[in-house]
Amino acid sequence: MIYQSQKMRLKCIRVIERTKINDIMICQDLNTSDEGLYTVLVVHDHEMVKKFLAVYEQSEYTKEASCVESFSDQGAFVIVYPYLKERSLKDFYMGDSYKLSECEEICINTILACIASEIPYPILYLILEQRQLHLAKNHNVYLGYSIRLEDLDLKKTERDCAVQCAKILRELLEPKASQKAISYQLLDKKISKKSYHRFTELYKDIRIAAAPKKRRGVIAGIRAWFMRNRDSLFHVLFWVCILLVLLVIATFATQAIFGDIPWLRLFINGFKKIGTESLLQ
């Protein structure tokens, strides 16, 4: 499937989900030479298209701030968002392994990602509610746009988003609840009263209540390095294992064909003769 505007020709690379209201897919722009990818929402419901456009009409942010392009094609409305590598926060966050200060750092980065997003609050609320949050290896947090639009509500405000974000942070800090984490206790108390109205209030609370950072030991540093780079390490180990398997297969094959293993002669017979002198005499 290809969707075309005046600037882009979007070819579907992968379908993430199909719903009654919109399809969610990853697309490549055929009009460019690079392999840049985009998150694309294809909206089939005309009432939802009106609602989506109304979100930006009543917002201080324009579509251009977060949306690459939007256009109509083949009876559908196509919304093009940037694509970033998917590293779901719920899958890559290891609250049991992190220190409290590291958990709080990720919480702060989550709030900053929301503040810097320049996304209208009704759409930002969907991103938070559907957990479209991704964790970089350096503990930065970035937002994803693979969202279902059926629950889009024009009445959602910054307060709704801040409360929803606070609930996510409480989940992140829950593994540290037994450590009497002040940040967790504060969030739990204020969420029950829906005390948050702005992201800045949430940011200040986490900053004030955050545990002081302790200097990391050598073992902890090695462990943290391993956790950050485990994907690359496992990838390297996988190919090393493949090479070892091929080497074993080649060894058995040469043994069966030639009666011995040629490359082992380097170690067995390599020093029997040096120049014209034999060491076996």
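The model is predicted, so local features need pLDDT of at least 70 and side-chain atom pairs pLDDT 80 or more, while totals for chains, interfaces and linings use all residues. Residues are numbered from 1 along each chain as its sequence is written, and side-chain values use heavy atoms, without hydrogens or water.

Let's start with helix α1, residues 46-57. Helices here are DSSP runs (H or I, at least four residues; strands are E, at least two), numbered from the N terminus. The 12 residues of α1 reach 17 Å from first C-alpha to last, close to the expected 16 Å (1.5 Å times one less than the number of residues). M48, V49, F52, A54, V55 and Y56 are the buried residues of α1 (under 20% relative accessible area, 1.4 Å probe, protein chains only; exposed is over 50%, partly exposed in between). These pack against β4, α2, β6 and α5.

Q132 counts as buried because its relative accessible area is 15%. Beyond four places in sequence, its contacts (heavy atoms within 4.5 Å) are I127, Y142, L143, G144, Y145, S146 and I147.

For a contrasting spot, turn to helix α9, residues 218-258, where I249 lies. Is I249 buried or exposed? I249 is exposed, because its relative accessibility is 51%.
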